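Here is a short report on one protein chain. Please look at the sequence and the model before reading on.

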Amino acid sequence: MHIAIDLDNTVLDATSAHVTYYNLASGLSLTPDDANEFYIYLKYGWSREERDAVYAKYGHEIHWNSVPYPTAVNCLRQLAARHEISIITARPEMFRDVTVEWLKHHSITYNNIAFVENKLEVCVASKVDVLIEDGPHYAEQFAQLRKPIILFDQPYNRMVTSEYVMRAANWSEVMAHIDRLAEKPG
């Protein structure tokens, strides 16, 4: 099976790292629980341009200091031993080096990596069988193609429903979904 996997808030806790550095930049004291939107910068009252300036300044630290979710690294190693793994992240290309180093530091192996906003296009072109993701818009796009998606449960994606969306609260649930999908014929 070919599995595409997002990184931020799927493999690792990006929210906590973003909040730490966004607080530093803003002088605010938000907590990860306060940042319950997909676009965290909206909680800071920033425009996209203001967010981009903060992200350019602190992005390396944000990505390097993001902590893997419990059991994520071990589960990814198990998946890589049995399946083709593509990391597909919407992180800007300017963060490629820190991302690849972070993956190496955590001994996460994969077959391909893509830094793209249009994940659907890459998944279709790469013949991905299932996507593991947290982004609600990506989940909806994938489900519209009648492709299974494992949606890592987050407050900002709970409105997404489809027969093709399987929710996972942790990596044990992700693995159970993958095992069921791998058992299906065809």
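## Basis

This is a predicted model, in which local features need pLDDT of at least 70, side-chain atom pairs count only at pLDDT 80 or more, and totals for chains, interfaces and linings use all residues. Residues are numbered from 1 along each chain as its sequence is written, and side-chain values use heavy atoms, with hydrogens and water left out.

## The whole chain

The protein chain has seven helices and eight strands. Helices (H or I, at least four residues) and strands (E, at least two) are DSSP runs, numbered from the N terminus.

The C-alpha atoms fill a box of roughly 55 × 35 × 30 Å along the principal axes. The radius of gyration is 16 Å, which agrees with the value near 16 Å for a compact globule of 186 residues. That radius is taken over C-alpha atoms, and the globule rule is 2.2 Å times the number of residues to the power 0.38.

Buried residues make up 48% of the 186 residues. Buried means under 20% relative accessible area, exposed over 50%, and partly exposed in between (1.4 Å probe, protein chains only). The accessible surface of the chain comes to about 9200 Å², and 50% of it belongs to carbon and sulfur atoms. Accessible areas come from the Shrake-Rupley method with a 1.4 Å probe; for residues, only the protein chains shown count as cover.

Contact means heavy atoms within 4.5 Å. Among contacts between residues at least 6 apart in sequence, 59% join residues at least 24 apart.

## The cores

In soluble globular proteins, nonpolar side chains tend to be buried together. A nonpolar core here is a set of buried Ala, Val, Leu, Ile, Met, Phe, Trp, Tyr and Cys residues joined through side-chain atoms within 4.5 Å.

Which members of the largest nonpolar core touch the most other members? They are Ile5, Val11 and Trp171, in a core of 30 residues. Apart from that core lies another, of 15 residues, including Tyr21, Ile40, Tyr44 and Ile62.

Leaving aside neighbours within four places in sequence, Trp171 is in contact with residues that include Ile5, Val11, Thr71, Ile132 and Phe152. Histidine 18 sits in helix H1 (residues 14-26). With residues up to four places away not counted, histidine 18 touches Ile40, Tyr55 and Ile62.

## Buried residues

| Residue | Relative accessible area |
|---|---|
| Histidine 2 | 4% |
| Histidine 18 | 9% |
| Valine 128 | 1% |
| Alanine 139 | 0% |
| Asparagine 157 | 0% |

Histidine 2 lies in strand E1 (residues 2-5). Beyond neighbours within four places in sequence, the contacts of histidine 2 include Glu84, Asn112, Val128 and Val130.

Valine 128 is in the loop between helix H5 (119-125) and strand E6 (130-133). Residues up to four places away aside, valine 128 touches His2, Ala4, Cys123, Phe142 and Lys147.

Alanine 139 belongs to helix H6. Neighbours within four places in sequence left aside, alanine 139 is in contact with Ile149, Leu151 and Val160. From alanine 139 to histidine 2 is 17 Å, C-alpha to C-alpha, and 137 residues in sequence.

Asparagine 157 is in the loop between strand E7 (149-152) and strand E8 (165-168). Not counting residues up to four places away, asparagine 157 touches Asp134, Pro136, Leu151, Phe152 and Arg167.

## Positive phi

Most residues other than glycine have a negative phi. Threonine 71 has a positive phi near 65°. This threonine 71 is found in the loop between strand E3 (67-68) and helix H3 (72-82). Is threonine 71 buried, partly exposed or exposed? Threonine 71 is partly exposed, because its relative accessible area is 46%.

Arginine 146 also has a positive phi, about 60°, and is not a glycine. Arginine 146 lies in the loop between helix H6 (136-144) and E7. At 62% relative accessibility, arginine 146 counts as exposed.
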